[in-house]
Amino acid sequence: MSELPRRFVSRLRRYIGNRRKVKRAYVRLSFTLSLSDPRTTSNGSRRSASIEGHTLDISNTGLGLIVPAIRVGEHYLVGEERSLHLLLELPDGPVNMSVVPVRYESLAEDSPESGYIIGARLVEMDVSERERFDDYIGKLLTKQA
């Protein structure tokens, strides 16, 4: 999808409402996004290509990610069911998860920062980290209500 239709859909969503059913917590958390899971590399010295950013919002099923670029090296972060590794910095420690980007768009020209927003669906997470993640979101939603 080119930038013009993507921006149109984004603005249309603002005017007619958001059809998402899952409640989102608006919070800025730092993260590192990698093309592959650095925990599973066979060579401990090899680094996976990654990019740092922060969240726009989070839910139990996905995240809004703000990144400065849509590519890491020569690889696009979005594409046909591309799975990415996300190391998210929660206040009580980091959590690891696999996410799949479902959409992206350039940040608006009048935005205070530049880059892209990526909508990502959460696909895999360790059970204990998932409990911490869900607990954190629950507390945020209670505060924001």
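This is a short walk through the model, one selection at a time.

Before you start, note that the model is predicted: local features need pLDDT of at least 70, side-chain atom pairs count only at pLDDT 80 or more, and totals for chains, interfaces and linings use all residues. Residues are numbered from 1 along each chain as its sequence is written, and side-chain values use heavy atoms, with hydrogens and water left out.

**The whole chain**

Colour by secondary structure to begin. Along the sequence the pattern reads α-β-β-β-β-β-β-β-β-α. Of the 145 residues, 41% count as buried; buried means under 20% relative accessible area, exposed over 50%, and partly exposed in between (1.4 Å probe, protein chains only). Among contacts (heavy atoms within 4.5 Å) with a separation of 6 or more, 61% join residues 24 or more positions apart.

**The nonpolar core**

Next, select L33, I58, L77, L86, L88, M97 and F133, the residues with the most contacts inside the largest nonpolar core, which has 31 residues. Such a core is a set of buried Ala, Val, Leu, Ile, Met, Phe, Trp, Tyr and Cys residues joined through side-chain atoms within 4.5 Å. Elements giving two or more residues to this core include β1 (30–34), β7 (93–106) and α2 (127–144).

Now centre on M97. Which residues does M97 touch, not counting those up to four places away in sequence? Show L63, L84, H85, L86, L88, L122, E124, M125 and F133 to see them.

**Salt bridges**

The structure holds five salt bridges, each a side-chain nitrogen of Lys or Arg within 4 Å of a carboxyl oxygen of Asp or Glu. Here are some stops among them.

- Select R132 and D92, whose side chains meet in a salt bridge (3.2 Å, N to O). R132 lies in helix α2 and D92 in the loop between β6 and β7, so the pair ties together parts that are 40 residues apart in sequence. R132 is partly exposed at 26% relative accessibility, while D92 is exposed at 54%.
- Move to R130 and D134, with their closest N and O atoms 3.4 Å apart. Both lie in helix α2, four residues apart, about one turn of the helix. R130 is partly exposed at 23%, and D134 is partly exposed at 28%.
- Finish at K139 and D135, another salt bridge (3.2 Å, N to O). This pair also lies in helix α2, four residues apart, and D135 is partly exposed at 43%.
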